[in-house]
Amino acid sequence: MTVELRVAEGWLTVCELSSLTPGRGVAALLPDGSQAAVFLDRAGRPYAIGNQDPFTGAHVLSRGLLGWAAGRPFVASPLLKQRFDLGSGRCLDDEEVAVRTYPVRTAAAP
């Protein structure tokens, strides 16, 4: 099984599902030069958001810690600890801030 993100060009294979560790993230370089942070939650569901922390400008969200708030998975930035909802991208600590989200799916390897 592979993990794929929906980008402007279509579905992009990022990695093998087995390469992801539940509760941890990986960074992926996208065709447009931006980065995505790809996560696998402990239930085995994949998520992808922009990797750039909007508060610092650093590309570090893939190194953040996963958690749950009000039944929703989030990642906490490793720098200033703001939490970003993995489904919507919105910051749970500042309603005016959000990161991009990417549709993600798993697919059988070719």
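Q: Which backbone nitrogen lies 2.9 Å from a polar atom of the side chain of aspartate 41?
A: In this predicted model, that is the backbone nitrogen of alanine 43, which lies 2.9 Å from a polar atom of the aspartate 41 side chain.

Q: Where does aspartate 41 lie?
A: Aspartate 41 is found in the loop between strand 4, which covers 35–40, and strand 5.

Q: And is aspartate 41 buried or exposed?
A: Its relative accessibility is 2%, and buried means under 20%, so aspartate 41 counts as buried.

Q: What does aspartate 41 touch, leaving out residues up to four places away in sequence?
A: With those set aside, aspartate 41 touches Pro22 and Gly23, and also Tyr47, Leu66 and Trp68.

Q: Switching to rings, how many aromatic pairs does a search of the whole structure find?
A: The search finds one aromatic pair. The partners are phenylalanine 55 and phenylalanine 84, and the pair is tilted because the ring planes stand at 45°, with the ring centres 6.3 Å apart.

Q: Which parts of the chain does the pair link?
A: It links distant parts, 29 residues apart: phenylalanine 55 is in the loop between strand 5 (46–50) and strand 6 (65–69), while phenylalanine 84 is in strand 8 (residues 83–85).

Q: What about accessibility, starting with phenylalanine 55?
A: Phenylalanine 55 counts as partly exposed, at 30% relative accessibility, whereas phenylalanine 84 counts as buried, at 0%.

Q: One last thing, what lies over the face of phenylalanine 74?
A: Arginine 83 does, at 5.4 Å from the ring centre of phenylalanine 74.

Conventions. Residues numbered from 1 in each chain as written. Predicted model: local features only at pLDDT ≥ 70, side-chain atom pairs only at ≥ 80, totals over all residues. Heavy atoms only, no water. Phe/Tyr/Trp six-rings, centres within 6.5 Å; stacked < 30°, edge-to-face > 60°. Helix = DSSP H or I, 4+ residues; strand = E, 2+ residues; numbered from the N terminus. Buried < 20%, exposed > 50% of the residue type's maximum accessible area, 1.4 Å probe, protein only. Lys NZ or Arg CZ within 6 Å of the ring centre and 35° of its normal. Polar contact = N/O pair within 3.5 Å; in protein donor to acceptor, adjacent residues only side chain to side chain. Contact = heavy atoms within 4.5 Å.
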